[in-house]
Amino acid sequence: MRQYLANIYLGVYTALVGMRITFKQLLQPSVTHQYPYEHSFEKKKNVRDIPKGYRGKLDNRIEDCIGCRKCEIICPVDCITMTTRKLPKGERLWDSMSVVHLKDRTEIVGNIEGDEKLVPDTTITIKTRDERTVSLSSEEVDRIVERKPVIFYLDQFDIDMSLCMYCGLCTEVCPTECLTMIDNLKDGIAYSTFDRTDLIYLFAAPEMYDQQTEASDEAEAAD
Ligand code: SF4
Ligand code: SF4
């Protein structure tokens, strides 16, 4: 009889413990998402950010792409397709510039003034593409990459993310570091689409050449 009553007590007690956990969780924010209808993960309190360096969606800062094809050649699954046209000999779309990577993971693109080198306890001055002057200390700068003169029109630069296996080789070989994998929650991981062709990302932007040509025409007229 004693054992019988002890079993009843244990059964009721464990049920109450389970119910306490259930009711506690009822008051917590939900941990599930109505994906793909709900994309704004970053607004949810219970979602941790993805780690820096995560290999997310590929992104190409196309104005810094020099059309060298290194990414296309190294891609093991041929998911990068590009078509280029070489400019007439001696012509270039724009000259070389430096891409300055800061330690806070932002970038500044422009010309470094003078022969300044990045040595400890010094600053460098950069004239940006929109004519701003920015001074940076060596502590702020992570690394500097030289962007080569652009001598190709990029008529097509497509990446089929449905084929990509996220090896990151294309970003490793890119000499201007314009090809990157997005490592933030907001833009780096949302792939869901109802049409597979939406996973082919088109980066070519022919209109930027027109702007560049107009800018050089204006500069020549001013001279
Ligand atoms: S990350 Fe994707 S696009 Fe880049 S080389 Fe690997 S498979 Fe190709
Ligand atoms: S490796 Fe970089 S610069 Fe060269 S074509 Fe690819 S994205 Fe452009």
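## Ligand shells, salt bridges and a surface patch

The shell around ligand 1 consists of twelve nonpolar residues, one polar residue and no charged ones. In this predicted model, 13 residues surround ligand 1, and the closest are Cys75, Cys164, Cys167, Gly168 and Cys170.

Around ligand 2 there are 15 residues, of which Cys65, Cys68, Arg69, Cys71 and Cys174 come nearest. This shell divides into ten nonpolar, three polar and two charged residues. The C-alpha atoms of cysteine 68 and proline 175 are separated by 8.6 Å, although the two residues are 107 residues apart along the chain.

The protein chain has 223 residues, 32% of them buried. Its secondary structure comes to five helices and ten strands. Among contacts with a separation of 6 or more, 71% join residues 24 or more positions apart. The chain exposes about 15000 Å², and carbon and sulfur atoms supply 54% of that area.

The count of salt bridges comes to seven.

| Aspartate 155 | Arginine 85 | 2.7 Å |

Aspartate 155 and arginine 85 meet in a salt bridge. Aspartate 155 belongs to strand E8 (residues 152-160) and arginine 85 to strand E2 (residues 80-86), so the pair ties together parts that are 70 residues apart in sequence. Aspartate 155 is partly exposed, with a relative accessible area of 34%; arginine 85 is also partly exposed, at 44%.

Arginine 143 is partly exposed, with a relative accessible area of 37%, and aspartate 142 is partly exposed at 43%. Elsewhere, a network of salt bridges links Arg61, Asp64 and Glu107.

Met1, Tyr4, Leu5, Ile8, Val12 and Leu16 make a nonpolar surface patch of about 680 Å². Of these, valine 12 lies in helix H1 (residues 2-26). Valine 12 has 46% relative accessibility and therefore counts as partly exposed.

How values were computed
Residues are numbered from 1 along each chain as its sequence is written. Chains are lettered from A and ligands numbered from 1 in the order in which they are written. This is a predicted model: local features need pLDDT of at least 70, side-chain atom pairs count only at pLDDT 80 or more; totals for chains, interfaces and linings use all residues. Side-chain values use heavy atoms; hydrogens and water are left out. A residue is near a molecule or strand if one of its heavy atoms lies within 4 Å of it. Ala, Val, Leu, Ile, Met, Phe, Trp, Tyr, Cys and Pro count as nonpolar, Asp, Glu, Lys and Arg as charged, and the others, Gly among them, as polar. Patches are made of residues with over 30% relative accessible area and no salt bridge: like charges are joined within 9 Å, nonpolar side chains (Val, Leu, Ile, Met, Phe, Trp, Tyr) within 5 Å. Accessible areas come from the Shrake-Rupley method with a 1.4 Å probe; for residues, only the protein chains shown count as cover. A salt bridge is a side-chain nitrogen of Lys or Arg within 4 Å of a carboxyl oxygen of Asp or Glu. Helices (H or I, at least four residues) and strands (E, at least two) are DSSP runs, numbered from the N terminus. Buried means under 20% relative accessible area, exposed over 50%, partly exposed in between (1.4 Å probe, protein chains only). Contact means heavy atoms within 4.5 Å.
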